[in-house]
Structure formats: C-alpha cells, structure tokens
Amino acid sequence: MKRIGEGSRVIAVFSDKYLKSEYCMFELFELFRNSKLEHQRLRKVIYPLRIGLKNLNSPQKKAKYLRYWESREKDWNAFIEKMATKVDLETSKNYQGIKNIKMFLDSLLGFIADTKSENFTKTNLSIIKQDIISWLKNN
C-alpha cells in the first residue's frame, strides 16, 4: 500500500468513492507526508483528475467527509478496544492510518479543491492527455 505513496509522479483520479477508500486515502496521505505536508511539493507529484466532485471547500462537503472518517475511526477504535490483546502490528498501523487521514482530511480536501484539476469527461480526454504529457515533462 505504501508503494504509490512513495511515487515520484502519480496520476490520481479523485471521486466520492476514492475519498471514502481507506487504501486510496492512505496512499494520498503518504504522498502528502512524503511531500513534507506541503501542498506546493504535492502538486509536483500528483496530477489530479476529478470525477463528479464539486465544491470540496464548502462546509457541507467538508462535513460530509469528516463525518465519514470520524465514523471509520470510531469503528476501528471499538474494534481495537474489544480485541486489544489480539490486535497485531498491521491492524494497529491500519488504525493509525485512519487517524492520520481524519487529522489531515481538511488539508487534503483543500489540496484537491484548489489544484488545477480537469473534471474528467470523454470529450476532454485529448486535452487531458496533452496536459499530462506536459506535466510529466515539466515536473
């Protein structure tokens, strides 16, 4: 799971499903962490595409995703408390990953919302392709 998080160039296709995926968000957090938690550095690593995501900086959207990750953290916390003596290192890492996602969610949503990002459609595929080639050459 950390392999993408260590990538030097990543094309990320953000969607509602992506923003609710533990694996995808963990990889995004790893890229952010490896960029020293700086949006400027992260922009050099990620070429973002969005599918159906609008107004990510609105209080309603931020609250929606924060509630989702708070719920995931509560689920993991309950599991950890119930199974305390049987939890292995990998499970503990997964729980810590959820906590990190929740802690940095506002910043990650801000990054996705503020970054020049094409809203992916079939009609603009050739434009996106040329933009990706240019991005790869210049970064």
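Angles between axes under 35 degrees count as roughly parallel, over 145 as roughly antiparallel, 65 to 115 as roughly perpendicular and the rest as oblique. The structure is a predicted model, in which local features need pLDDT of at least 70, side-chain atom pairs count only at pLDDT 80 or more, and totals for chains, interfaces and linings use all residues. Residues are numbered from 1 along each chain as its sequence is written, and side-chain values use heavy atoms, with hydrogens and water left out.

The axes of α5 and α6, lines fitted to C-alpha atoms over the stretch in contact, with angles from 0 to 180 degrees between N-to-C directions, come within 10 Å and cross at roughly 165°. The two helices, α5 and α6, are therefore roughly antiparallel to each other. Residues in this contact (heavy atoms within 4.5 Å) include Trp69, Glu70 and Trp76 of α5 and Tyr95, Ile98 and Ile101 of α6.

Isoleucine 101 lies in helix α6 and, at 1% relative accessibility, counts as buried (under 20% relative accessible area, 1.4 Å probe, protein chains only). Not counting residues up to four places away in sequence, isoleucine 101 touches Glu22, Met25, Phe26 and Trp69. The C-alpha atoms of isoleucine 101 and glutamate 70, 31 residues apart along the chain, are separated by 9.8 Å.

Methods:
Helix = DSSP H or I, 4+ residues; strand = E, 2+ residues; numbered from the N terminus. Buried < 20%, exposed > 50% of the residue type's maximum accessible area, 1.4 Å probe, protein only.
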